[in-house]
Amino acid sequence: MEIKEMVTGSDGEALTFDRDKKIIKTSIVGIVANVLLAAFKAVIGLLSNSIAVVLDAVNNISDAASSVITIIGTKLAGKPADKKHPFGHGRIEYLTAMIISVIVLYAGVTSLVESVKKIITPETPDYSATSLVIIGVAVLVKIVLGRYVKGVGKKVNSSSLINSGEDATLDAVISASTLIAAVIYLITGVSLEAWLGAIISAVIIKSGIDMLRGAISSILGERVDVELARDIKKTVCSFEGVYGAYDLILNNYGPDTFNGSVHIEVPDTFSASQLDELLRAISVKVYMKHNVILTAIGVYSINTKDENAIRIKKEVRDIVFSNEYVMQMHGFYINEEKKTMRLDVVVSFDAPDRKAVYDEITASLKKQYPEYTFQVALDTDFSES
């Protein structure tokens, strides 16, 4: 039975359902608000002959489309695991975020083209008091909507909602700029419409590029949050008999969906039965506390009775850590009967040549302890900087 089923049963599904429900509800609010705003702005823009207002209306339509895509992505990502996708479909949410960023980018490029046309062939805007009031209301609506959507996005860890919330906040700034341009025109008679449209387009394009980079980075796979990694290791080390937790690797299969593995150091006196009980208990506690499924827990045995081995370990640590690029040493064990010494050394990626550091450490150990055969593993830090 899977860890998730063993400790949660239907509760895990209920939590996922609640998260999806919040995302869909928030997206629907965004759709309604953006469609209404787009309709008002389109009418105002056409009546007042304002390119900036019309472009702002187009941007609201793209926001509404983004919310629709978020709903579809959430539904697809919520599908249960199957034979072809045993880890579920959670990564679809990252694809959704990427599609939204492409829509934003496309809207920005299209707006820029239209603005340039208006710069080359300018038209005189015609504002009314009613149009200015509606634009002002749109600014307030977008500020509230942006804070609401982004807040829910952070709460449920939805990159799609966070992107939509940031875009809504950006829209508020854009609408405010349009309002300022209108006031300047009414006071001075100078029309900044086309130029403002170009600036708005540039801001939208930059926002789209930033969103796209973030979505692609998530799909490629990012280093896990340092605090989460440390908390998991702390939980693992809270068990009696666990002297250290290392080599934590977490694979992300969607927001808040992690599978991974870790190595632990335990006394060399533990029996298979003790280890079995310990590993099961660790797996359950890590899932219940951090919502992370440990699919594998490796074991390093450490010398606990051999005083000579304990003394040599301290000497070896001094040699290993004499190199400035060594971040960690673990998995140390001496087998006096076979005259072997094994250990893992974590070398920083800041080192000009990690292999050279490894070779230097290995050579120093062999020189100090020529009677031993060494098994030194060059390890990588996957979870903490």
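Predicted model: local features only at pLDDT ≥ 70, side-chain atom pairs only at ≥ 80, totals over all residues.
**Two sheets, a helix pair and the spaces between**

Good morning. I begin with an open sheet of three strands, ordered β1-β2-β3, whose pairing is mixed. Strands and helices here are DSSP runs numbered from the N terminus, with strands being E and at least two residues, and helices H or I and at least four. Two strands are said to pair if DSSP finds at least two bridges between them. The edges of this sheet are β1 and β3 (292-302), each with a single partner strand, so one side of each has no neighbour in the sheet. On average, and with direction ignored, neighbouring strands are turned by 15 degrees against each other.

Residues are numbered from 1 along each chain as its sequence is written, and side-chain values use heavy atoms, with hydrogens and water left out.

Returning to the sheet, β1 and strand β2 (residues 258-267) run antiparallel and are joined by seven bridges. Within β2, Asn-259 stands opposite Asn-251. Helix α8 (residues 226-237) packs on this sheet and touches β1, β2 and β3, its direction making about 135 degrees with that of β1. Contact means heavy atoms within 4.5 Å; axes are lines fitted to C-alpha atoms, for helices over the stretch in contact, and angles run from 0 to 180 degrees between N-to-C directions.

The other sheet I wish to show is also open, with three strands in the order β4-β5-β6 and mixed pairing. Here β4 (326-335) and β6 (373-379) are the edge strands, each with a single partner strand, so one side of each is left without a neighbour in the sheet. From one strand to the next, the twist averages 15 degrees. Strand β5 (residues 340-347) pairs with β6 in the parallel sense over seven bridges, and Arg-342 has Gln-375 of β6 as its bridge partner. Helix α10 (residues 307-320) packs on the sheet against β4 and β5, at about 150 degrees to the direction of β4. Helix α11 (residues 354-368) lies across β4, β5 and β6 and runs at about 155 degrees to β6.

I turn now to a helix pair. Two packed helices are described by the angle between their axes and the distance between the axes. The axes of α6 and helix α7 (residues 193-220) come within 11 Å and cross at roughly 170 degrees. The two helices are therefore roughly antiparallel, a label for angles over 145 degrees. Among the residues making the contact are Leu-170 and Ile-174 of α6, and Ile-200 and Val-203 of α7. By class, this contact has eight nonpolar, four polar and two charged residues. In this scheme Ala, Val, Leu, Ile, Met, Phe, Trp, Tyr, Cys and Pro are nonpolar, Asp, Glu, Lys and Arg are charged, and the others, Gly among them, are polar.

Which elements give two or more residues to the lining of the second largest pocket? After the volume, I will answer. About 750 Å³ of space lies in this pocket. The elements are α4 (92-120), α6, α7 and β1 (244-252), and α7 gives the largest share, six residues. Of the 30 lining residues, those nearest the centre are Tyr-94, Ser-218, Glu-222, Asn-252 and Phe-258. A pocket is an open set of points on a 1 Å grid over the protein atoms alone, with protein on both sides within 12 Å along at least five of seven lines; a cavity is a set where a 1.4 Å probe fits but cannot get out, and lining residues have an atom within 4 Å of a point. Points are joined across faces, edges and corners, and a volume is the space filled by probe spheres set on them.

Finally, the whole structure holds three cavities of 30 Å³ or more.

Note on methods. Parallel < 35°, antiparallel > 145°, perpendicular 65-115°, else oblique.
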